[in-house]
Amino acid sequence: ATCHVLPHVRCNARAPTRTRDNKAGINRRYYAVHASALVKQGADVQKDVPSLSSLPAVPFVNSRGRIFPNVAEGSGAHVFAVYDQFQNLQFIGFSKDLRNSLRTLLVRVPLYTFTFKHVDLPDIDQQLMMEIRQKWLDENNGDIPPGLAPAGADIWSKPIDCGNEMAATQRWRAILEDLSGRGIEEELTYNEELIKDGLVDVAHTHLSDEERSAMEDAMEQQAGRLHEATVVVENTPVTFQLSVQEYMRSKGGVILKCELVTPDSETTHTIVLANSDLEQYGATEEQLVERCFALLLHFSVNRDTKEKQITTGTFPASYFTISNLEQWYGDLAVHTLGGRHDVSFEDVKLNGELALRGEMATHWDWKRVDKYGPAAEASEPALGADGL
């Protein structure tokens, strides 16, 4: 059978980094987000094993498009919990090879595998691992996650059964297409023996010492680029980690490449800043970028739109301008971008005449009020203030 793989996506080379000095403590905190707790044999589960709520949620796919959990040095077994995009617990599993376990589950159940949490053990200890799982289940109010329930166990624990090789090959291609929207740049290959029997599963791969070292170095370098930011939107602090790198500069402004890291996701974005934006809001490039991302996080905007067709109802989070934010979020965007956070969205709606639109915003605020095309005949044009 022909081996189908997900092609690599090449990133454009970036210009030299322009970031502010990072505090070492922030870098260490970021790197710790990707590390895990090492539970020693004979540990007291209730005292020595971290609760699920205390462990960081790590994205299945990191900002480099890789599946690469940062396991504790010297570990030989793992207990891990899997969450969907809404942070609902879906599965608790055991593994001797966490990276390949995550790759397998991402292919089998991509809709329910977005973040994970894990603890590491020096060696396999079935009793201890079972006790850790039970502690986490108790923390989940005793509710059995779908991946452990009888109805869902086979979906999580067995390859996808498509009936025959042709159907399995088609299913594999569909899976790769779906996963490309998740930003994966890692090569995924199907299990050649299983696909002959109509079963779909990803082939396990093992990283060489050089490959593992390169990925660990990349994670440390990313940690060195990131800084922590907190911006208040509608009197609510929004905290995240961010790196800002100059991509292209002209007389009229700059294009910036940014990495945005939150506990449940890592995404990359391109922002276009005009010199007039900086003058209008009296902010530095970095301040304005931080305020942009705070708005997106505040409104829970879908951050990964690279592979998706942008519709009129989708904010172009992967590539946007300040004007995009102004047009989507109006006066609240104007307040936030200008560094003001003492006015809520409701205040802006109720006191529109007193808002900063007239003082600060310089964009055209076009809104379609009439229908066009075949539906135009059935619509009545909106009347102006004087009934005209």
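This is a predicted model: local features need pLDDT of at least 70, side-chain atom pairs count only at pLDDT 80 or more; totals for chains, interfaces and linings use all residues.
Residues are numbered from 1 along each chain as its sequence is written, and side-chain values use heavy atoms, with hydrogens and water left out.

The secondary structure of the chain comprises 13 helices and 12 strands, where helices (H or I, at least four residues) and strands (E, at least two) are DSSP runs numbered from the N terminus. Of the 388 residues, 45% are buried, a term that denotes under 20% relative accessible area, with exposed meaning over 50% and partly exposed lying in between (1.4 Å probe, protein chains only). The chain exposes about 20800 Å², of which carbon and sulfur atoms supply 50%, the areas coming from the Shrake-Rupley method with a 1.4 Å probe and, for residues, only the protein chains shown counting as cover. Among contacts (heavy atoms within 4.5 Å) with a separation of 6 or more, 67% join residues 24 or more positions apart.

Strand E3 (77-83) is mostly covered, seven of its seven residues being buried. In a regular strand the side chains alternate between the two faces of the sheet. In E3, Ala 77, Val 79, Ala 81 and Tyr 83 point one way, while His 78, Phe 80 and Val 82 point the other. E3 runs antiparallel to E5, to which seven bridges join it, pairing being assigned where DSSP finds at least two bridges between two strands; within E5, Asp 120 is the bridge partner of His 78. E3 also pairs with E4 in the antiparallel sense, over six bridges, and Val 82 stands opposite Phe 91 there. Five residues separate E3 from E4 in a hairpin, in whose turn Gln 87 has a positive phi of about 60 degrees.

Strands E3, E4 and E5, together with helix H2 (45-48), are included in what covers the buried residues of helix H4. Those buried residues are Leu 128, Met 129, Ile 132, Lys 135, Trp 136 and Leu 137. The 14 residues of H4 (residues 126-139) should span 20 Å at 1.5 Å a residue, and the end C-alpha atoms are 20 Å apart, which agrees; the expected span is 1.5 Å times one less than the number of residues. Just after H4, Asn 141 takes a positive phi of about 60 degrees.

An open sheet of mixed pairing is formed by five strands in the order E8-E9-E10-E11-E12. Its edge strands, E8 and E12 (319-321), each pair on one side only, and the twist averages 40 degrees from one strand to the next. Helix H10 packs on this sheet, touching E8, E9, E10, E11 and E12, with its direction at about 130 degrees to that of E9; such angles, from 0 to 180 degrees, are taken between N-to-C directions of lines fitted to C-alpha atoms, for helices over the stretch in contact. Helix H11 lies across E8, E11 and E12 and runs at about 55 degrees to E12.

The largest nonpolar core has 33 residues, with Leu 273, Val 289, Phe 293 and Leu 325 making the most contacts inside it; such a core is a set of buried Ala, Val, Leu, Ile, Met, Phe, Trp, Tyr and Cys residues joined through side-chain atoms within 4.5 Å. The largest share of this core, seven residues, comes from H10. Apart from it lies another core, of 28 residues, including Phe 116 and Trp 172.
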